[in-house]
Amino acid sequence: MSSDKGHCKIQKIWSDSENPAKELHRQYVLLEKFVQDAYKEEYREYENKVKPEIKAFLDEWTTGPTPINHYRTNLIERVGPIPELEINEFESPKDVKEGKISWIKPDCDWDGVVHKNELVPTGRIDIGRKYPRMLHWVHITQSIVAKDQLRLTHMPFFENGMDDSQEYEKFAKLFTDGIHGFTKNWKYINDYLLYKVMRRVLEYGYTANVDVFYYTFYRLWPNKFSQRQYSEVFPKLCARYAEEGFDWQSLEHWKPKPEGMYGLNPYMEKPAENVQNPTCFACLEYLCPVHGLRLQIAPEIPGGDIAEVFLPLPGTNQSTVACGGDCWKTIDPEQIMAALTPDEEEIEEHRVKIYLDKGKLMEMSIPEGSMIVTLYIYDKSGQSFCQFVHENLHGKTDDNDKIRTCRDAYRLIMGLAEYVTDRRIQMGQTQTMRPYKERYNAFRNIQMRNHQQATKAREAALQERANSEGKTLQQVRKEEEREFMRKHGRAMNEKIMISSTRPFVPCRHEGTCKDDPDCSCQENGVCSHLCKCSMDCPQRFPGCICAPGTCRNQHCACFRANWECNPNTCKNCNCETIDGTGDEVICGNFSLTRMVQKRLYVAPSRISGFGLFLMENVEKDDLIVEYVGEKISDGEAERRGAIYDIFKCSYILGLESGGAIDAFKVGNLSRFANNNSVNPTLYARAKIVNGEHRIGFYAIDALKAFTELHTRQKRSPLCRHFVEAFHIIKTIYIIGNGLLGL
């Protein structure tokens, strides 16, 4: 079915049948007449139902006492009727230099006295240049995931007098769910009427094309929902208006049963499909809104899932004096031995090694004892169990706490003891790393082999294409290079070995990644510290072994690869220190992780509108600010960019990992940095921080305070509004015995 002005084409959402366009149109015409008749009947019932309620509501206003202006009534009683005076509008002086304001009074008063026109002397103040206009935006500190907007909420207002119809065709192709407000609804509609009409039509027994059913409602009421939204709204309407126990799926039988504790529709709009994040546990937030309200991998506990602790055992060498009537030493020794099953060596040492599952501790509340157990796991004081419990519980409990005594704490920890296999201990605890040189060589070798295999596969594909098109291999290779240049705005580099251009999804399997063909790390060919594979995996990024403060040059493996240093892989550069004190030197490739940004302010720019300025001196390559905004998909960037192009103002920075960051509606002060291709003061650089691609603005040279900050943003040839940030993800290639950056 073809679309007309103001309506989008029918979309295939639920139906798999390939009906001809004429057949779909015939079904639509028949169903439209049926829906209109159903609406008229339902509307009559609705009107009869709500008319008394509306009348009763209006009667409260129409039948009540009329408001009386007592002041005017008293004035009339004292001075008589008040004639209406005609007052002319304010007129400004014709000669602005006179600096006077003229007010034309009525010609005469009530007594007939003629008034004179007067000029009031005024002072003239030079206010200078007016501040430029600033659009409304919301300040955020970290980028957030945004949904794809397939339906344009309204046609933007174009100040240049452009007619909406001139841009409709272009927007209609980009927004597949239509444009709200471009056409009128057939009749009045609300949620209740929509529910009644949809239910009446479905109960009649609709058997034609399912997508035509929703499309018909969209054509009649295009400003209510889109076709896609109509296909998802009926279960929600049933939850609001249907009788208890009504099974909506008996009518919409083509839909799968919703899953989840709330029975949510699994086909609601999802966040951008190609904007993936490794895990919310990278920022220690459960289902955090920053990285998307969905969990992609199982919970990962910093330092491992399994904790190893020692519990004291009753014995002859141990003091038999209890700390009180509720001491753990009053527990039956046979009960302790049966629960902990220590070996002979542990009995002689009067202590037993047990393992605790940190995942269970996360599920426990503080009154249930999670705090005292956690403190015991990390206790390094060497004091006795009784001393530890009294120090941490004495005077710190209330009536809600279940763990109040030394005996309670011992029984709790004893009951949490886990019997785990050696493999579970190995996977659950922090694994020891091999020497850095071995890990580095293994990583280098696997990347070289992957590059050789990729090169052979590419050459074979080019040769097959050349044979099918009747061209030489050299001609096909040049065409591919030109196509790469057209898409990415840069030449293809044959020496690239690893390219972290896809979102990181950490693997969850055992062993090494090369042994698992379904490993999520295969696309990038690199494992991060978030992966659960073996620490000996040759694909695991090795980190660096730089001295503190030396990670901001090409000698650092992390800096060359555009990865920020991480304490899990980098052991020498002091990147685990958040803020250096005194003479302590800390890692220089850790700024985005620590969110160490410079002090900035916004003021009118010499280039255009507002600009971004420094409030302090900075050194070369210092992180100035992170570019944050909405994480959107490539398709959403294309849709938003089409609108931004008309206004000639875009805040979109593209990511080679897929998607982009748009700071138009939400962002931070970095959105005010203007573009200056002649004399920029900033350069954009994307880095991988905890497996996530993030963009930072860095100083090109040493800058003084009050300097305006400019970027040099290169526009992609494919899309004028889509800006690539310095190739966004820098890649690594290997020559000889070392890693070199592009």
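Guide: We shall take up nonpolar cores and then salt bridges. This is a predicted model, in which local features need pLDDT of at least 70, side-chain atom pairs count only at pLDDT 80 or more, and totals for chains, interfaces and linings use all residues. Residues are numbered from 1 along each chain as its sequence is written, and side-chain values use heavy atoms, with hydrogens and water left out.

Visitor: Which residues touch the most other members of the largest nonpolar core?

Guide: In soluble globular proteins, nonpolar side chains tend to be buried together. A nonpolar core is a set of buried Ala, Val, Leu, Ile, Met, Phe, Trp, Tyr and Cys residues joined through side-chain atoms within 4.5 Å. Buried means under 20% relative accessible area, exposed over 50%, and partly exposed in between (1.4 Å probe, protein chains only). Here the largest core has 40 residues, and Leu194, Phe213 and Phe217 touch the most other members. At least two residues of this core come from each of helix H1 (21-62), helix H4 (191-205), helix H5 (210-220) and helix H6 (227-241). Helices (H or I, at least four residues) and strands (E, at least two) are DSSP runs, numbered from the N terminus.

Visitor: With which residues is Phe217 in contact, leaving aside its neighbours within four places in sequence?

Guide: Contact means heavy atoms within 4.5 Å. Phe217 meets this condition with Val35, Leu194, Val197, Met198, Val201 and Tyr230. There is also a second, separate core of 32 residues, including Ile336, Phe385, Leu393 and Leu416.

Visitor: How many salt bridges does the count come to?

Guide: Side chains of opposite charge can pair when their charged atoms come close. A salt bridge is a side-chain nitrogen of Lys or Arg within 4 Å of a carboxyl oxygen of Asp or Glu. By this rule there are 31 salt bridges. One of them joins Arg465 and Glu469 (3.3 Å, N to O); both residues lie in helix H14 (residues 436-469), four residues apart. Arg465 counts as partly exposed because its relative accessibility is 30%, and Glu469 is likewise partly exposed, at 39%.

Visitor: Is Glu630, which forms a salt bridge with Arg640, buried or exposed?

Guide: Glu630 is buried, at 10% relative accessible area, and Arg640 counts as buried at 9%. Their closest N and O atoms are 2.8 Å apart. Glu636 and Arg639 also meet in a salt bridge (3.0 Å, N to O); they are three residues apart in helix H18, so about one helical turn separates them. Shared partners join Asp148, Glu630, Glu636, Arg639, Arg640 and Asp662 into one network of salt bridges.
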